[in-house]
Amino acid sequence: MVIAKRSVSLSKTFLIVGIFLGLLSVLISSLSDLIKYIGTTATPANAAGTGGFDLAAALPLVSVALQVFAAITFATPVLLLYVYDKNNGVLEYFLSLGMNQGDIYRQYLKAALMLSSSLVGLEVVANVVAGLMVGKTGLLILEVSGLVVALALPVVSFSTLIMMSFSSLQKQRVGANQPLGMAIGIFIVMPAYIVPFVVPSLAIAIDLLLAAVVAALSLLMYLSASRLISREKLLP
Amino acid sequence: MHTLELVNVSSGYGGTPVLHDISFKAQESAIYVVLGPNGAGKTTLFRTIAGILNPYSGKVLFDGENLAQSKDARKRINYLSHYNALPEEMTVRNALGFYARIEGGDAREVISLLNLEDLEDKKVSDLSQGQKKRVSIAKVFLRERDLYLLDEPTSNLDPAVSKEIRDILLRLSKDKIVLYSSHNLYEARDVGTNLILVRDGEIGYFGEISDIKSKEYRVGIRTTTDISKMIDAKLGEGGYYVVSFTEPEEAGLALKKLVENGVLVTEMRQLDNPLQELFEANHKQSPAAKTEGGEKRN
């Protein structure tokens, strides 16, 4: 909790951008109903069976990936804090108190999950409210909200762990390895952007599979943190 | 009574040893001053004892417990790095409270101990380097431990605060082991009873400071009269009459002679620091220390 609070006080920009992206994603999801409405009253250029993408069906699922991206952005201050604490000797002090790399990673990971969960919670509420307003079916609202929760938390865990690892491994105090970790975190959800257009019928299953794979990777990284990253890499 | 023992310890960074096969046994509660030129391995020594670095070989025993294997033993150690390790976005009170929640102790007590009341509502980032150092030291005293590892605790501190810290350490050293590194050799002599001299990652000297003898024992005497005709003294540095002796006992005899002649002696002090000689002698012998990879860390 303290680390989450410290992260918030360290940088508010990422939080604002995260909230903006999250709400924008929910709006994009709701646009599908607008497209559907236009499709029934005008030329069905985007309608299924015309040879184009079924944009109306794909957008809610694409918005899932965007909402996950917003969650990663929202949790980024934890990473900034991690780098800051490493350079400032706080991690060294934690080590001197008898903590190991895994204990330290767990604290920052918990903070990242805590922050991202609060945004995911907000996104779920926004999905429900916006869905009801534009007349989405209950099932679709449940699918989108469920997928956001299922995908966001493993992806945030993975990108946080990978960013901490990269930042621990970089030699320069002001190096830019941890943004690479963020890019990998974002890259790993790429299938969630593409699949709704290519194989819409499998999109939900693929998203869930992706969530399971990323969760397994995160767990593996977390459990092997003490072996992968030596203690000296946490020193200033 | 506690015992800190290093047995053939080699340790370093990235597989490159900085400490080479170090052994010593500190078995009395006292302040052990750790001296050595930059890059000699002092910080690596502290980090290895604190359990931050795992030794490549050998073992660090505290009261017989291997520190690398015992989390409980490591909880009996307090380590002060020369990085302040403070959450700078917090106020002093909250920063100390943050550590108190992690390791126990009472933030209010250490605020009072180090007279930080006037700073407690200020953000750490707004403090001067010396004030940050005081707060950093305060966190070390949150809980009483049996072994204190203090890496340059009085750097950036003004003389009055340095003295406060030394007084606290002197009180602690009655029943604790304190390892204390400093580049101030006069402070080191004042505060320490034992010396650990680190040179090129090896122990250059381990023993009592009182056992270190100067080649020459120079004493400065301040008097109200000219004493150059009574003893072999020359008016020299700082307005002192400077006298050279071969043994400290001779200084006592000279003082006795002056007093018998009715001279009012207002001050008498040793001008040279035996630690200075020892340090310089070892510094000259260790050119490798200047180029060692651990330079930034020491």
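**Entry 1: chain B overall**

What share of the 298 residues of chain B count as buried? I found 41%. A residue is buried if 20 or more other C-beta atoms lie within 10 Å of its own, exposed if 12 or fewer, and partly exposed in between, with C-beta atoms placed from the backbone.

I noted that this is a predicted model, where local features need pLDDT of at least 70, side-chain atom pairs count only at pLDDT 80 or more, and totals for chains, interfaces and linings use all residues. Residues are numbered from 1 along each chain as its sequence is written, while chains are lettered from A and ligands numbered from 1 in the order in which they are written.

Next I looked up the elements. Chain B has ten helices and 14 strands. Helices (H or I, at least four residues) and strands (E, at least two) are DSSP runs, numbered from the N terminus. I also took the box along the principal axes: the C-alpha atoms of chain B fill roughly 65 × 45 × 35 Å.

Then I checked contacts, meaning C-beta atoms, placed from the backbone, within 7 Å. Among those in chain B between residues at least 6 apart in sequence, 69% join residues at least 24 apart.

**Entry 2: nonpolar cores**

I looked for nonpolar cores: sets of buried Ala, Val, Leu, Ile, Met, Phe, Trp, Tyr and Cys residues joined through C-beta atoms within 7 Å. The largest has 131 residues. Val68(A), Leu151(A) and Leu149(B) touch the most other members. Helix H3 (residues 55-88) of chain A gives the most to this core, 19 residues. A second, separate core has nine residues, among them Val219(B) and Tyr240(B).

I followed Leu149(B). Leaving out residues up to four places away in sequence, its contacts include Phe46(B), Ile77(B) and Leu179(B).

**Entry 3: two positive phi values**

Most residues other than glycine have a negative phi. I found Glu152(B) with a positive phi of about 50°. Glu152(B) sits in the loop between strand E7 (147-151) and helix H6 (159-172) of chain B. Why does Glu152(B) count as buried? Because it has 20 C-beta neighbours inside 10 Å.

Asp200(B) also has a positive phi, near 50°. Its loop runs between strand E9 (194-199) and strand E10 (202-208) of chain B. Asp200(B) counts as buried because it has 20 C-beta neighbours inside 10 Å.

**Entry 4: where the chains touch**

Key. Contact = placed C-beta atoms within 7 Å.
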